[in-house]
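Visitor: Please take me through one part of this model in close detail. I would like the chain-to-chain contact first, and then what lies behind it.

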Amino acid sequence: MSDFERKEICEGVTFTSITDGRFKRGRMGAALLSPLESKTAAANALLSCVLTRSCKRYPDFTALSRRLEELYSAALYPSVRRIGDYQAVILSVSGIEDKYTLDGESISTELAELLCSIMFDPNITDGHFSEEDVEQERRQLIENIDAEFNDKRTYAINRCIEIMCENEPFSIGRYGKKEDVEKLTLDDIYNAWKNLLDNSKAELTMLGSTEPSNVYEKFKKYFENKPRKTESKSIVIDKVDKVKRISEKEDVVQSKLVMGFRCMYPQDKQKCIASSLMSAILGGTPTSKLFSNVREKQSLCYYCASRVDNEKGILIVDSGVENKNTEKTEKAVMEQIRELADGNISDDELNSAKLVLKNAYISSLDSLAAIQSFYIGRMNRSDILTPIEAAEIVDTVTKDDIIELARYIKLDTVFSVIGN
Amino acid sequence: MNFTKIENSRVGECYYRMKHKSGLTIIVYPKENFRSVYASVGTKFGSINSKFKYKGREINVPDGTAHYLEHKLFESEDGDAFSKYAKTGASANAYTSFDVTCYLFSCTENFGESLKILLDLVQSPYFTEETVAKEQGIIGQEIKMYEDSADWKVMMNLLQGMYKNHPINIDIAGSVETIADITPEILYNCYKSYYNLNNMVMCVAGNASPDEVIEIADSVLKENEEFKTESIFPNEPYEVVTHYTEQVLPVAVPMFELGFKEKAPEHFASNKELIGTNIILEAFAGEGSALYRELLDKGLINSGFGTEYLEGMGYRGIIFSGETRNPNAVAEIIRKRTKELHENGISPKDFEIAKRCIYGKLISGFDHPSSIASEIINGEFTGRKIFESMEDIAVLTCDDVNERLKEQLDPENSCLSVVKGTDD
């Protein structure tokens, strides 16, 4: 069905191709990883927007957009993602496969060239990106950062992490801080570009039915003989002296309660999967402990879910509650974590979480975006894991593995947005 | 097995359709080499179907009933469906929109077992005073969550500003007050009227064959008496209610939706009409358009700017939406440019580019079993066939699109909805 190939272009630069003829749309991308630092995080985020706005071949935003439309809704997207204390800048291009075009033209070669153009041959004159491009994208990035406040669920989670990891790079956030974005100069953007291409760990992906060797050669030409550091460790905290509690008042009807926990940093893939399974049992499915006890049995909230970040070693439980129920909800959540640590996990709970997790891993194989995201999410790690292998590991996790991980969980921060 | 095979060479795919003896329309859309399968059962019953004729009797139900019924159907006498799905590993969900309610799951193993649970769920209503009352707390919380949601409020306020009588102007979940009036009897009445299998469609897309689907359907579907429930809609004037509406919520960047109301005949739009509208919107307001560039250069929009065509029985309208520091300026420019658009029409070059773009988007939709299933289910209710749109777009001309434009984007008939923060 599909051919998986993984090659190292040089130290720290990996090319993964999955040749798969099932899809109407192909996809390729480059993820560039660098340590999260206030200033560079902002510069990288702004750079990713500037790069996808124009390039030497299409120096004007409208000309580039029209070309993408003409290429049957081809898309060029910038995105940034936090992976532990690191920031990944991801530049992707996607478009329909050649055989589906209306008059048989080939667009895949064009898309590969476009991706290379925006990365290696951007719209730079005399060592500077276009000021107009930078200003336009700066304004939009600031609006995006501001707008994260508009959705209260996301805002509350981000704020909890910010408070919890105050003295760690992780608190910076994927776009960097607004104040830093405001201060960036044209030189900062140019340096960010140079630095990302020449010093970042890179994960290049090519997914779809296009012959991967064409794309591989293009990437190789640039990246060959430019090795970069591959070691990357995030700060993991396993001691909590005092639980931090912060609450903000807002004019909202439903209050938000977010609890941040420190948990074990999983060293290998076996432990990573066990950790994800633990979170699924706690609050990742409609029959999880949090959903069935805190929402269904006690009707304390509309949602109560947990998610674990294996790259950072933290677990977040978030819920939407009525004002008067915040304390009760907090107690109920702690009670469910205790149950987990005490080993009060029924076979049904364990098995259904396993099924859900396996379903998620295997289903990801039916979407190129999900496959790309799966590999990028693990680019900080040296061991290779495929979605199929992940599903196989799920079956080997035991109740004792879960108990061991659950005992490690420590409450670090409680953040709430309280309605008037 | 009485499946009809429907093929399309452009897409390179096919599906199988049949009317099952139980009354249910069944569609199986195999996706070769896919790992997962997505199954969805839908009924043409959404929040706007609050007034209807059932066997000659006229019935009015409280706002939010369709959504309430969706929640309650998950429970049957022998337990709730989520715990049953927990044993098969399927990821299950349901949603209620303005005009449909769908129950769905996706899975990679134990497909047969999960399909039985799904078909059983829609066939075994169990509503008692106690179970109905219990749901008020959870749905009340859901309603409150939506009251804080700026994107939801900006849209609902817009619909209230556009529609005077049509129930599209009412929140899908109703309000805490209206759901308090919902009783088991009301739920049973709706169930009998709209969950008759003759009013429903099932689509299974992905890693499944017609044979395995029909085997399970035969074993669990009960035959339903054939009849039609008639939904009743009030008359709706052509004009919008108001040209401006706003609400203050804690937001950092104001949000806007600008809706252009248009004439809505008593039938659904055709594939050709929908594609025509999509091409107009891409050419007029897509990222490569002069309008997009103008708004961007003036610092009025960001990449969140977008357009949508809202269409159903008795309502049709085009919506522009986004975040902006100056909603009035955005609206003024868009209104002004629509006037020019009507004067000049869409140029052949813009048409060609937009057509290729929309064609690419349509073909990309076939990568996702979930979007295939919802397109097919909606298509069964609206009379639109999924493959036909691919053929319609291939032959569509610039003249067709400019003809379509005449009925749309009337600059005199629009409403601007704004959600802004206290300081704005």
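Guide: The contact between the two chains takes 59 residues of chain A and 63 residues of chain B, where contact means heavy atoms within 4.5 Å. The area buried between chain A and chain B is about 5600 Å². Carbon and sulfur atoms give 52% of that area. Buried area here is the accessible area (1.4 Å probe) that two parts lose on being put together, summed over both. In chain A, the residues that lose the most area to chain B are A:K24, A:E69 and A:Y302. Together they make up 12% of what that side buries.

A note on the basis. This is a predicted model, in which local features need pLDDT of at least 70, side-chain atom pairs count only at pLDDT 80 or more, and totals for chains, interfaces and linings use all residues. Residues are numbered from 1 along each chain as its sequence is written, chains are lettered from A and ligands numbered from 1 in the order in which they are written, and side-chain values use heavy atoms, with hydrogens and water left out.

In one salt bridge, A:R66 pairs with B:D350, and the closest N and O atoms are 2.9 Å apart.

Helix 4 of chain A gives the largest share, nine residues. Helices (H or I, at least four residues) and strands (E, at least two) are DSSP runs, numbered from the N terminus. By class, the chain A side has 21 nonpolar, 14 polar and 24 charged residues. Ala, Val, Leu, Ile, Met, Phe, Trp, Tyr, Cys and Pro count as nonpolar, Asp, Glu, Lys and Arg as charged, and the others, Gly among them, as polar.

Next, inside chain A. The chain is divided into domain 1 (2-223) and domain 2 (244-419), with bounds from an automatic or database domain assignment. Their C-alpha centres lie 29 Å apart. Each domain of chain A gives 39 residues to the contact. The area buried between the two domains is about 3400 Å², with 67% from carbon and sulfur atoms. On the domain 1 side, A:R153, A:I163 and A:M164 supply 20% of the buried area, more than any other three residues.

The domains of chain A share six salt bridges. A:R22 and A:D366 form a salt bridge, with the closest N and O atoms 2.9 Å apart. Helix 5 (152-164) of chain A is among the elements that supply at least two residues of the domain 1 side. This helix gives the largest share, 10 residues.

Last, a single residue. A:D412 lies in strand 13 (residues 410-419) of chain A. A:D412 counts as buried because its relative accessibility is 5%, and buried means under 20% relative accessible area (1.4 Å probe, protein chains only). Among the residues that A:D412 touches are A:M164, A:K242 and A:F261. A:K242 is 170 residues away from A:D412 in sequence, yet 7.3 Å away in space, C-alpha to C-alpha.

Definitions and conventions
A salt bridge is a side-chain nitrogen of Lys or Arg within 4 Å of a carboxyl oxygen of Asp or Glu. Buried means under 20% relative accessible area, exposed over 50%, partly exposed in between (1.4 Å probe, protein chains only). Lists of a residue's contacts leave out its neighbours within four places in sequence.
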